[in-house]
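New notebook page. I'm going through this one piece by piece and jotting down what I look up.

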Amino acid sequence: MSAHYDFVIIGNSAAGLQALRTLRRHDRHSTIAIIDREDCPAYSRVLTPYYIGGHIAREELNIVDQSFYDSLGITTLFGQTVVAFDPEKHSLQLVDGRDIGFGKLLLATGAEARTLTVSAQRSCVLRHLADADKLVGLLKEAQSITAIGAGLVSLPLLSHAHKEIEKHLIVGSDRIFSRVVDADAAEILEELLTSQGLNIYKQDDIKTIKEEAQLQLTLNSGKQLASDLLIVGKGVTPNTHLAVEAGLDVEYGVSIDRFCCSNHPDVFAAGDAAEGADFVTGELTIQGNWMTAVEQGENAALNMLGMQCHYPGSLKNNITEIFGIEVAAVGYCHDDVSKTAISWNAMTGRFRKVFLDEKQRVVGTTMIGETNDSGLYYHLVSTHSIFPGKGLLSGNANYAQTQFRLET
Ligand SMILES: Cc1cc2nc3c(=O)[nH]c(=O)nc-3n(C[C@H](O)[C@H](O)[C@H](O)COP(=O)(O)OP(=O)(O)OC[C@H]3O[C@@H](n4cnc5c(N)ncnc54)[C@H](O)[C@@H]3O)c2cc1C
């Protein structure tokens with residue numbers, strides 16, 4: 001007879017783990033199983049660049065250990081891939097042929113890193129622990145690294161690799177970090193990173209790769225680069241094929257409503273696989289950040305328990321450190337807003353840009369150099385607060401040398 005659980009979660013990461021915690025917090029007796037094709041307890045993907053750069057040990061990536069699941073009475077099916085599910089029959093199939101029945105199902109299947117059409121032995125993406133382990137090996141011998149794509153994978157990886165290593169960055173767009181920060185912030189960051197020895201090639205791409213003693217890269221511009229390692233950070237694609245084959249509504253990600261529910265009442269989705277409303281614009285989006293996955297995982301679990309909890313929408317919330325510089329982007333950070341307020345102090349390297357809507361409400365911010373108060377901005381955006389004025393921008397850093405600009 002096949003096993004049956006009241007709740008089954010596919011994906012043991014940010015969204016799945018938070019869902020599991022929430023289910024157990026409110027319900028001590030239901031049967032719960034969590035399935036993941038990775039054969040280990042949950043770990044932090046966000047910290048993998050620090051592990052690869054040798055700044056933290058592999059064990060420090062772990063968020064929980066097996067005893068966490070055991071103590072909550074959760075069945076773990078790690079190292080198992082789900083190959084299909086049937087929402088009507090309330091059953092799913094594992095790759096080893098087993099059938100698992102469920103009452104309610106959460107798809108917390110995340111995303112996969114995009115690869116290049118040209119590839120090489122010494123090139124690697126970074127999404128899973130196995131990628132991180134491969135990169136640790138490749139970096140050992142490397143004296144020069146090239147990364148393609150300037151986002152949350154390439155830039156942290158380049159910045160955490162040893163200082164002596166020669167570093168190159170190829171970007172398709174006309175600016176770095178274009179999916180994270182606005183154009184002003186990108187310009188300042190580019191200057192700061194270039195001054196630290198990063199070679200940046202914008203509006204370019206890799207045309208061919210030759211595997212010789214070093215990788216010989218030819219770019220579209222004709223530029224030749226020799227490198228020991230190629231890091232591919234070209235963004236991610238949501239894992240939606242199970243949902244597509246099950247007949248659920250899928251646009252780019254699995255479409256979810258304000259209750260993190262798919263178009264089937266017993267199937268929910270959360271995190272990088274799920275496309276739900278953005279808090280500011282209301283448009284369907286995948287934020288691709290850890291906090292959204294946690295929030296949606298929690299919301300989905302509450303609704304799986306029948307609590308009817310409304311999720312107000314997801315907010316961009318990226319806080320990172322690259323080349324020793326703190327960077328944060330919260331909420332809506334595009335220049336098509338009604339007004340922006342900017343403060344920039346070249347002496348301290350402290351930059352703030354606040355994005356306002358037509359009612360003078362804060363909808364987003366980008367920050368460079370100091371991000372301690374990014375939580376305050378998250379609060380201002382999520383409470384639709386009116387911009388309190390330039391005093392907020394200045395913080396405590398050298399007020400006299402700070403330039404302010406209010407642009408409409
Ligand atoms: C290097 C790196 C740096 C990052 N830095 C930041 C950062 O600074 N800040 C930030 O907010 N975010 C960052 N992110 C993004 C963040 O990690 C993701 O937004 C977050 O992990 C999404 O969580 P999730 O639970 O939705 O999915 P994932 O973390 O992708 O987990 C999905 C899980 O589902 C499993 N799975 C998928 N399909 C199946 C299947 N068919 N059967 C069984 N198991 C399956 C996968 O094995 C995986 O473990 C970073 C990501 C990376 C890779």
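Before any strand partners, a ground rule: I call two strands paired if DSSP finds at least two bridges between them. I also keep in mind that this is a predicted model.

**Entry 1: strand 15**

I started with strand 15, which covers residues 229-232. Which strands does it pair with? Strand 9 (residues 144-148) pairs with strand 15 in the parallel sense, over 4 bridges. I looked up one of the partners there: A147 has I231 as its bridge partner.

Next I asked myself whether the faces of strand 15 are covered or open. Both are covered: L229 and I231 are buried on one side, and L230 and V232 are buried on the other.

**Entry 2: an open sheet**

I moved on to a sheet of 3 strands, in the order 12-13-14. It is open, and its pairing is antiparallel. A reminder to myself: strands of a sheet pair through backbone hydrogen bonds, in either the parallel or the antiparallel way. The edges are strand 12 (206-211) and strand 14 (224-227), each of which pairs on one side only. From one strand to the next, the twist averages 20°.

I zoomed in on strand 12 and strand 13 (residues 215-219), and I found 5 bridges joining them. In that pair, I206 stands opposite L219 of strand 13.

**Entry 3: domains**

How is the protein divided? I get domain 1 (3-112 + 236-304), domain 2 (115-232) and domain 3 (324-407). The C-alpha centres of domain 1 and domain 2 are 30 Å apart. Their contact takes 12 residues from domain 1 and 12 residues from domain 2. On the domain 1 side, the largest share comes from helix 2, with 5 residues. I sorted that side by type as well and got 6 nonpolar, 3 polar and 3 charged residues.

**Entry 4: around the ligand**

How many residues surround the ligand? I have 36, and the closest are G11, S13, G110, G271 and N289. The elements giving two or more residues to this shell are helix 1 (14-26), strand 2 (32-36), helix 2 (48-52), helix 8 (290-304) and strand 21 (317-322). By type, I list the shell as 16 nonpolar, 14 polar and 6 charged residues. Domain 1 and domain 2 each supply at least three residues to the shell.

Last, I checked backbone angles. Most residues other than glycine have a negative phi, and I wrote down two that go the other way.

C260 has a positive phi, near 60°. I placed C260 in the loop between strand 17 (254-255) and strand 18 (267-269). Is C260 buried or exposed? C260 is buried, because 29 other C-beta atoms lie within 10 Å, and the cut-off for buried is 20 or more.

Q308 is the other one in my notes, with a positive phi near 55°. This residue belongs to the loop between helix 8 and strand 21. Why does Q308 count as exposed? Q308 has 8 C-beta neighbours inside 10 Å, so Q308 counts as exposed; the limit is 12 or fewer.

How values were computed: Residues are numbered from 1 along each chain as its sequence is written. This is a predicted model: local features need pLDDT of at least 70, side-chain atom pairs count only at pLDDT 80 or more; totals for chains, interfaces and linings use all residues. A residue is near a molecule or strand if its C-beta atom, placed from the backbone, lies within 6 Å of it. Ala, Val, Leu, Ile, Met, Phe, Trp, Tyr, Cys and Pro count as nonpolar, Asp, Glu, Lys and Arg as charged, and the others, Gly among them, as polar. Domain bounds come from an automatic or database domain assignment. Two residues are in contact if their C-beta atoms, placed from the backbone, lie within 7 Å. Axes are lines fitted to C-alpha atoms, for helices over the stretch in contact, and angles run from 0 to 180 degrees between N-to-C directions.
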